[in-house]
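I opened my notebook for a walk through this model and jotted down what I looked up, entry by entry. Have the viewer open and follow along.

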Amino acid sequence: MIVPVVTQDDVLRAVLIAGRFETHAFDASEVRSLRGFANQVALALDHARLLRETVESARRKRELEIARELQLNLLPKGPPDVQGLDIAGYSDPATEVGGDYYDYLTLRNGNTAIVVGDVAGHGMPAGLLMAVAKSAIHTQLQSENPPAILMERLTKTLLQMSADNQFMTLVFVEIDLAARRLVYSNAGHHYPLHYRASSGAFEELESTGLPLGLLPRPPGPFIERALDPGDVLILYSDGVVEATDSAGEMFGTVRLREGVLAQLGRSAETVIEAIFAAVRAHTEGVALADDATVVVVRVLAQDEQTEATDADVAEPD
């Protein structure tokens, strides 16, 4: 007699073959016993499968948690203390491991640079390429290469290390307070916003080339812009402006600009908090489909710098 062992997922896992020396057939009670035994075997197999899947799921979850912790350690622990600037940044990954990257750099000439990048996709592959980008950037900084050489060599590194159809958008902004200017290179990234206090209007730091990892040539030459006290720079990833509500409407750059205007004169950290609060209000609980990153840089007016200096040297009560 042959009895199938079928588990809850309707898969034939085994068969029981029973025989006897007597010539007469199995009676009804014997058939029920064999089928009952087959059911018990199927149940045991189901339990073993569920236990194995639970253990594997817990292992993968823990590995992702570790990867997330490692990746968060690649991001700045806090903003740099640069006289004349108020800087803040925040990144909210859509999954345990994200592909967004931001960093604060001190260049060999003493200027401060801000980098924001976004690897296509998210998850482990994006997180790994993000880590490669950070390592390459800091290697070039240790070599004291100027930004143009840094971008050229970063382009070559990402082209060698990225998988097929994998690329990274990246914007590099150097701030020269002494010369009251910024210079930037934008490799296919969402255009950063430059609020100009003198006109009360926004300008965009437009693209200077293709994303990194697609072609061996680096993005075009750096572009120079005037930078004055009261100006605000907003660098962000597409996960911010492309965050959608339940109807599929994107947050967009208009809301981003409105959020910045509503917080003029307040700290960079306050501006970022307001932007993410506005994104959450817009999405109404809809999960982010992509990583969201914002870096805000305020160029302080002289009176703000004086207030900050006074606060630093004030004696405690």
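Is the crossing of H2 and H3 left-handed or right-handed? I looked it up, and the crossing of these two helices is right-handed. I keep in mind that this is a predicted model.

**Entry 1: the helix pair.** I noted the geometry next. The axes of helix H2 (residues 124-142) and helix H3 (residues 147-161) come within 10 Å and cross at roughly 145 degrees. Then I listed who makes the contact. H2 brings Leu129, Val132, Ala133, Ala136, Ile137, Gln140 and Leu141, while H3 brings Leu150, Arg153, Leu154, Thr157, Leu158 and Met161. Sorted by class, the contact of H2 with H3 has ten nonpolar, two polar and one charged residues.

**Entry 2: the sheet.** I turned to the strands. Five of them form an open sheet in the order E4-E5-E6-E7-E10, with antiparallel pairing. Strand E4 (100-106) and strand E10 (223-226) each have a single partner strand, so one side of each is left without a neighbour in the sheet. On average, neighbouring strands of this sheet are turned by 20 degrees against each other, direction ignored.

I zoomed in on one pair. Strand E5 (residues 112-119) and strand E6 (residues 168-176) run antiparallel and are joined by eight bridges.

Entry 3: I went back to the helices. H2 packs on the sheet, where it touches E4, E5 and E6, and its direction makes about 10 degrees with that of E4. H3 lies across E6 and strand E7 (181-187), running at about 165 degrees to E6.

**Entry 4: positive phi.** I checked the backbone angles of two loop residues. Arg180, found in the loop between E6 and E7, has a phi near 55 degrees, a positive value in a residue other than glycine. With a relative accessible area of 45%, Arg180 is partly exposed. Glu284 sits in the loop between H6 and strand E12 (292-299). Its phi is also positive, about 50 degrees, although Glu284 is not a glycine. Glu284 is exposed, at 59% relative accessible area.

**Entry 5: a loop glutamine.** Last, I asked where Gln263 lies. I found Gln263 in the loop between helix H5 (252-261) and helix H6 (268-283). Gln263 counts as buried because its relative accessibility is 13%, under the 20% cut-off. Leaving out residues up to four places away in sequence, Gln263 touches Thr270, Val271 and Ala274.

Notes
Residues numbered from 1 in each chain as written. Predicted model: local features only at pLDDT ≥ 70, side-chain atom pairs only at ≥ 80, totals over all residues. Heavy atoms only, no water. Helix = DSSP H or I, 4+ residues; strand = E, 2+ residues; numbered from the N terminus. Buried < 20%, exposed > 50% of the residue type's maximum accessible area, 1.4 Å probe, protein only. Contact = heavy atoms within 4.5 Å. Axes fitted to C-alpha atoms, helices over the stretch in contact; angles between N-to-C directions. Left-handed = near helix turned anticlockwise from the far one by under 90°. Nonpolar A, V, L, I, M, F, W, Y, C, P; charged D, E, K, R; others polar. Pairing = 2+ DSSP bridges.
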